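Dear colleague,

I am passing on to you the structure that we talked about, and my notes on what was found in it follow directly after. Please read them with the model open beside you.

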Amino acid sequence: MAAKSTRTTLILAPWIFTLGFFAIWEAAVWAFGISRFVLPAPTAIAEAIYQYQAQLLRHSFHTAWMTLAGFGLAVVFGLLLGMALGASRIIHAGTYPLLVGFNAIPKVAVVPILVIWFGVGWQPPVLTAFLISFFPIVVNVATGLATIEPETEDVLRALGASKRDIIMKVGIPRAMPYFFGSLKVAITLAYVGSVIAEYNASNVGVGNLMARASADFNVPLLWAALIALAVLGVIMYAATALVEKRMTGWAQRSQFASQ
Amino acid sequence: MSAFVDIHDVTHIYAGSEDGQPAVEGMNIKVQEGEFAAIVGPSGCGKSTVMKLATGLQFPAKGTIIVDGKQVTAPVKLAGMAFQNPVMLPWRTTLKNLLLPLEIVQPHRGRLRSHRKEYEARAEALLTQVGLAGQGSKFPWQLSGGMQQRASLCRALIHEPKLLMLDEPFGALDAFTREELWGIIRDLHAAQRFTVILVTHDLREAVFLADRVFCMSARPGRIIAEREIDLPRPRDIEITYTQEFIDIVHELRGHIRTARDAA
């Protein structure tokens, strides 16, 4: 009985907390008489969302599309590079400083270069999403491969297993929880990347919508776009988390994780 | 008759060893085919190194190692191994874990797909022999430590290896489970007559199971005593309480003490 009611509370908790957050926001705006130019109340934002729904929907789809394209590239490239790094200590030692250095560059700074190369269009958002999100995938896949238990390796090598056998039979399945874990980080990063690029170098997308709204001082639309971004982000994260749970249920067996 | 495993005058220094001191030095071990040998010694004496050398995972700096009439120059492929840590793959069911060696070793590797039923039946039979009948569909992490260790023994034996290498396989188990597993490995050995090299620091375990016990000195490991155990087989766990058994354990204990004092 107690366990069941805890479960229900857990399912309801995100909704209660989210609603509470908006309620406090609304109350604060009214109580302190904050101008809608500085901080619109949630109801005002909801109004704006309703008013601009067609625009928001169209731009959100575009942003989702850009994000997924860049994310897809990052997954393929990240997996391959991560496997190379995990399998070979020479490649690992050789490329790691380069990778870290590259990752340290703020990707906003790369957008102008992409614009010079490709002009304004779909390429800057996709490529920015890709560049910003592949690093966690590489690092996680490489870690998963590099941390095979030495005993497992001994058991297989004593049977005459080749390096390739060990990577296929043990390394890759073992790296999967790390890989799917990194996808949750990567999808959010990819999303940030595509929005930044849209803001600076695109004619469509939520980023671009925000750039125009802010130029017009259309504050409610700006906030409506922010909320749209947040909702889209939650959806993408949840989808990735669901895939992770499906694919690597064996790794999530501890009571600790399920509580 | 030449020995099945013949480690002759072997010295081994690990690459990257800090002090350059050998892990084992001037080691001689001969194990006949079908024999159950045990290697005992103080911790850190290089017992596990012997395992790695005999299976071709490491190659000696000096000396020769012959297994089954051939000098070891590559991983031997005819060995099954089990360790203190059962190292089952958590994403595979217990049965699929057992089949893993068959996905590596020829001729099974080529036959596995077409003869899957036959191999699964063999795995089930092994599980039954170690008291895990019907547990094959569980994941290893759903099994207790003792059960995982039994499954790990099955995995080491699934491809019917001629040589079984055991590196303190019962070290992490409680005393009762350990004695139960002694019985299981004793019965498996009696039924299939593979050659066993058991590395352990438990003298009772060595005397109970082995035909021949080698005592190692502290690092650098050397063989300081070799003792044939002529207790009649099959041995019951009761034998461990007889005076004869206790005397042998005591004698071996003396060798280990000398080795530790010398270090």
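Ala54(B) touches Val5(B), Ile7(B), Ile65(B), Val67(B), Met165(B) and Ile197(B), when residues up to four places away in sequence are left out; here two residues are in contact if their C-beta atoms, placed from the backbone, lie within 7 Å. Before going further, please note that this is a predicted model, in which local features need pLDDT of at least 70 and side-chain atom pairs count only at pLDDT 80 or more, while totals for chains, interfaces and linings use all residues. Residues are numbered from 1 along each chain as its sequence is written, and chains are lettered from A and ligands numbered from 1 in the order in which they are written.

**The nonpolar cores**

Ala54(B) also belongs to the largest nonpolar core, which has 84 residues, and together with Ala37(B), Val40(B), Ile197(B) and Leu198(B) it touches the most other members. A nonpolar core is taken as a set of buried Ala, Val, Leu, Ile, Met, Phe, Trp, Tyr and Cys residues joined through C-beta atoms within 7 Å. A residue is called buried if 20 or more other C-beta atoms lie within 10 Å of its own, exposed if 12 or fewer, and partly exposed in between, with the C-beta atoms placed from the backbone. Helix α5 (residues 145–157) of chain B gives the largest share of this core, six residues; helices (H or I, at least four residues) and strands (E, at least two) are DSSP runs, numbered from the N terminus. A second, separate core has 51 residues, among them Val126(A), Leu131(A), Ala142(A) and Trp223(A). In soluble globular proteins, nonpolar side chains tend to be buried together.

**The sheet of chain B**

In chain B, six strands form an open sheet with mixed pairing, in the order β6-β7-β8-β3-β9-β10, where two strands pair if DSSP finds at least two bridges between them. At the edges are β6 (79–83) and β10 of chain B, each of which pairs on one side only, and neighbouring strands are turned by 15° against each other on average, direction ignored. Strand β3 (residues 36–40) of chain B runs parallel to β8(B) and is joined to it by five bridges; Val40(B), for its part, has Thr200(B) in β8(B) as its bridge partner.

**Backbone details in chain B**

Glu168(B), in the loop between β7 (163–167) and α6 (175–192) of chain B, has a phi near 45°, a positive value in a residue other than glycine. Is Glu168(B) buried or exposed? Glu168(B) is buried, because 20 other C-beta atoms lie within 10 Å. Arg193(B), in the loop between α6 and β8 (195–200) of chain B, likewise has a positive phi, near 55°, but Arg193(B) is partly exposed, with 13 other C-beta atoms within 10 Å. A cis peptide bond, with omega about -5°, joins Arg233(B) and Pro234(B), and Pro234(B) is found in the loop between β10 (223–228) and α8 (243–262) of chain B.

Chain A has 11 helices and zero strands, and its C-alpha trace spans about 75 × 65 × 30 Å along its principal axes. Of its 259 residues, 36% count as buried.

The contact between the chains takes 17 residues from chain A and 20 residues from chain B. On the side of chain A that touches chain B, the elements giving two or more residues are α7 (150–157) and α8 (163–201) of chain A, and α7(A) gives the most, with six residues.

With kind regards

Technical notes
Axes are lines fitted to C-alpha atoms, for helices over the stretch in contact, and angles run from 0 to 180 degrees between N-to-C directions.
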